[in-house]
Amino acid sequence: MVALLEPLQAPVEPVDALRRIAFLLERTRAGTYRVEAFRNAVKTLRTVDGAELPARAEAGTLQELDGIGKSTSGVIAEALAGELPAYLASLQEKAGGPLVEGGGELYGLLRGDCHLHSDWSDGGSPIDEMVLTGVETGHEWMVLTDHSPQLRVANGLTVERLRRQLKIVDGVNRSLAGQFTLLKGIEVDILDDGSLDQTDEMLGQLDLVTASVHSKLRMNEGPMTKRMVAAVSNPRVNVLGHCTGRLVEGSRGVRPQSDFDARAVFEACAEHDTAVEINSRPERCDPPDELVALALEIGCLFSVDSDAHAPGQLDMKAYGCERAEALGVPTDRIVTTWDVDRVREWAAPC
C-alpha cells in the first residue's frame with residue numbers, strides 16, 4: 001500500500017534530514033537548483049567518515065566540504081545537535097500533507113508504478129535512491145523505465161547500457177527479496193511507423209514495457225493513429241504512456257495534444273490488453289478527462305503512474321488518483337493496484 005511518509009522527529013541523522021528535505025521539495029515541484037543542493041549534500045556525507053562531521057560542526061568548517069553550503073550545513077549541524085532542523089520542520093508543516101484533497105482511497109490501494117526514471121537517462125537520482133524512496137513510501141513494486149536510444153536528449157539507453165542496467169536490477173532484487181520488487185522495464189519510443197525503439201531481443205528480457213510517442217507529435221491524424229495502433233497492438237507493449245503528448249503548464253510551456261483517432265487507439269488497447277496510462281504529472285495531466293471516459297467506456301485497463309524523474313515525484317500519483325477516482329475508474333481495472341505476480345502474469349507476452 002502506497003502511503004504518505006510520517007514526519008521525521010528529533011533526533012534525526014543528517015543524511016535522513018537532507019534526504020527528506022529533497023523529497024519534500026521534489027514532491028511540491030520546487031526548482032531543480034534547490035533540490036540539487038540537498039541531494040549533492042547527501043552524496044558528500046556518504047563519503048565522509050562519521051567522526052569527522054561532529055568535529056567540523058563544532059569547528060564551523062562544514063562548508064569546507066564539497067557540496068555543502070550555508071543551508072545544508074545548518075541542517076547538518078542542527079541534526080548533529082540532536083535537534084529537528086528548522087528547515088525540515090517548516091517543510092514538513094507546509095508541504096508534508098496530501099498533495100490533493102481527493103483520490104485518497106485509491107492512492108492507499110496502489111501497490112506499484114509502471115513509469116519512472118533514474119539518472120541512467122534523464123532522471124535526477126540513481127536507481128538505489130529511487131528504490132529506497134519507493135520502499136519508504138510503501139510501494140511493493142516499481143518498474144524502472146528509462147528512455148530508449150532514439151531519445152538522445154534524455155540520454156536514452158543503448159542495448160549495451162540496458163544490459164548493464166538489468167544486472168543492477170537483478171542485484172536490487174537479490175538484496176530486497178521478500179520486501180520489494182524492481183521490475184525490468186523501459187519507456188520505449190514509438191517510432192514513426194509504429195515500431196519500437198529497441199531490439200526485440202532486449203524487449204524480450206523485460207518484465208514490462210511502457211511505450212510513448214516523443215517525436216513528430218504534430219503528425220497528421222491518420223498516420224498518427226496508424227502509428228499508435230501498431231504500437232499498442234505489439235505483444236511486447238503493456239502500457240501506452242502519456243498518449244496525447246500534451247503539456248498544460250510548467251517550465252516547458254504548453255503544448256497541444258496530438259491528433260489521432262482515440263477510439264481506434266483505445267479499441268486496440270482493449271483488444272490487446274494494453275493499459276492506458278493516467279500520467280500523474282501535473283504538467284501533463286494526460287489523457288484529458290474526456291479521453292479517460294472514452295477509454296473507460298471501451299473497456300480499457302489503466303495504469304496510474306508517476307512518470308517520476310526524482311524520488312519525491314513518486315508521490316505525484318496522488319494527482320492521477322484524484323482524477324481516476326473522480327472519473328469513476330474501477331480499482332480492479334488499474335494495474336498499479338495489482339500485486340506483482342498478477343502484474344507479471346498480465347505483462348507477459350501471450
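Predicted model: local features only at pLDDT ≥ 70, side-chain atom pairs only at ≥ 80, totals over all residues.
Along the principal axes, the C-alpha atoms fill a box of roughly 70 × 45 × 40 Å. Buried residues (under 20% relative accessible area, with exposed over 50% and partly exposed in between; 1.4 Å probe, protein chains only) account for 54% of the 350 residues.

Local features need pLDDT of at least 70 and side-chain atom pairs count only at pLDDT 80 or more, whereas totals for chains, interfaces and linings use all residues. Residues are numbered from 1 along each chain as its sequence is written, and side-chain values use heavy atoms, with hydrogens and water left out.

The structure contains 2 aromatic pairs, defined for rings of Phe, Tyr and Trp (its six-membered ring) by centres within 6.5 Å, with planes under 30 degrees apart counted as stacked, over 60 as edge-to-face and the rest as tilted. The rings of Phe38 and Tyr87 are tilted, because their planes stand at 50 degrees, with the centres 5.4 Å apart. This pair links distant parts of the chain, Phe38 lying in helix H2 (residues 32-45) and Tyr87 in helix H5 (residues 86-95), 49 residues apart; helices are DSSP runs (H or I, at least four residues) numbered from the N terminus. Phe38 is buried, at 3% relative accessible area, whereas Tyr87 is partly exposed, at 28%. The rings of Trp338 and Trp346, with centres 5.8 Å apart and planes at 85 degrees, form an edge-to-face pair, and both residues are buried.

How values were computed:
Helix = DSSP H or I, 4+ residues; strand = E, 2+ residues; numbered from the N terminus.
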